[in-house]
Amino acid sequence: MNKILQETARNLLAQTRVDVIIGYEEGYDAFHARPVFISSIADVDRLIFNQYCTNNLAVYLPIHKKLKIGIVAKGCDVASIRELIKEHQIPDENVVVIDVVCEGATERMDAKCAGCDGKGIKAVVGVDKVGDEVERFEELSAKEKEAFWDKEFARCIRCYACRQICPICYCPDCFVNRTMPKYLNEAVDNEKNKLFSMIRMMHVFGRCTDCRACSNACPVGIPLHLLTKKIAMDALELFGYVSGQEQEHPFSTFKKDELMEKGWE
Ligand code: SF4
Ligand code: SF4
Ligand code: SF4
């Protein structure tokens, strides 16, 4: 696959269809991969794709929106790219997706990939076991749920890695940094830790593609994927909405009788 990938990248650069290719290169050993920006044909041989290529590279698109970008994208990452185009964070015509067949489900045995056939843009995503975990969690009482998240967020060091790695957390003026009003103080405490993640989850509702990049990036292993899966399940149940598809955002549309139809009024 690497040869085809490198040839594709070489052609895109040679034909000046893109200014840069965002892809993966080998990390500090053959079992690790890291993101790489390639703008010279002389460097395309650094590009690789294998089961260790896990990052969602769509996170780099909003900050480079003025460039024409070729981006190596797994099937699930294509959803983030679509979401960014829908949110006008990068012009459609500036993005060339280099579609790769992913081995997450077969080689990496990643929970998020369960049931996905890995076939790039045409990937068919199957049943995800985290959904069952969320349903089991919902059977707990409010007190038990609170105790669970209290214990988890007590470990949060408010490093904001979850926000930084998220393709759709691109706000230049994030609420975290605001001083008027000031939502968070500098000291790390459980209430503020929870507040940060709850507000972030509200902001990404209907936009989060459940890519799990935030969960994977959390240095203390807080299971953020339970929250991202929950909001994805709610978006589907409440609005029939799946992020990253060709649908209008539930929060950017309003149907006059919707509240009554859903029995919310
Ligand atoms: S990545 Fe984890 S530790 Fe860091 S702010 Fe997010 S939840 Fe907290
Ligand atoms: S799973 Fe996390 S990183 Fe991925 S889109 Fe949702 S909030 Fe962002
Ligand atoms: S947490 Fe909210 S305000 Fe901050 S970058 Fe994400 S979406 Fe924007």
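**Entry 1: the core**

I began with the largest nonpolar core of this predicted model. I counted 50 residues in this core, and Ile21, Ile71, Val72 and Ile81 touch the most other members. At least two residues each come from helix 1, strand 1, strand 3 (47–48), strand 4 (69–73), helix 2 (75–86), strand 5 (95–99), helix 8 (213–217) and helix 9 (224–239). Which helix gives the most to this core? I found that helix 2 does, with 5 residues. I also noted that domain 1 (2–122) and domain 2 (130–249) each give this core at least three residues.

Leaving out residues up to four places away in sequence, Ile71 touches Ile22, Leu57, Ile81, Val95, Val97 and Ile98.

**Entry 2: the whole chain**

I stepped back to see the chain as a whole. I listed 10 helices and 5 strands. Along the principal axes, the C-alpha atoms fill a box of roughly 60 × 45 × 40 Å.

**Entry 3: two domains**

The domain assignment gave me domain 1 (2–122) and domain 2 (130–249). Taken over C-alpha atoms, the centres of domain 1 and domain 2 are 25 Å apart. How many residues does each domain bring to the contact? Domain 1 brings 15 residues and domain 2 brings 14 residues. I sorted the side of domain 1 that touches domain 2 by class, and found 7 nonpolar, 4 polar and 4 charged residues.

**Entry 4: two ligands**

I went to ligand 1 and found 13 residues around it. Cys156, Cys159, Ala161, Cys162 and Cys218 come nearest to ligand 1. By class, the shell around ligand 1 holds 11 nonpolar, 1 polar and 1 charged.

Which residues are closest to ligand 2? I noted Cys166, Cys208, Cys211, Ala213 and Cys214, out of 13 residues that surround ligand 2. The shell around ligand 2 splits into 9 nonpolar, 2 polar and 2 charged.

Last, I followed the backbone. Met180 and Pro181 are joined by a cis peptide bond, with omega about -5°. I placed Pro181 in the loop between helix 6 (161–164) and helix 7 (190–204).

Then I checked phi. Thr16 is not a glycine, yet its phi is positive, near 50°. Thr16 sits in the loop between helix 1 (2–14) and strand 1 (20–26). Is Thr16 buried or exposed? I found 8 other C-beta atoms within 10 Å of Thr16, and 12 or fewer counts as exposed, so Thr16 is exposed.

Tyr160 also has a positive phi, about 65°, although Tyr160 is not a glycine. I found Tyr160 in the loop between helix 5 (142–153) and helix 6. With 16 other C-beta atoms within 10 Å, Tyr160 is partly exposed.

Notes. Residues numbered from 1 in each chain as written. Chains lettered and ligands numbered in written order. Predicted model: local features only at pLDDT ≥ 70, side-chain atom pairs only at ≥ 80, totals over all residues. Near = placed C-beta within 6 Å. Nonpolar A, V, L, I, M, F, W, Y, C, P; charged D, E, K, R; others polar. Domains from an automatic or database assignment. Contact = placed C-beta atoms within 7 Å. Helix = DSSP H or I, 4+ residues; strand = E, 2+ residues; numbered from the N terminus. Buried ≥ 20, exposed ≤ 12 C-beta atoms within 10 Å, placed from the backbone. Core = buried A, V, L, I, M, F, W, Y, C linked by C-beta atoms within 7 Å.
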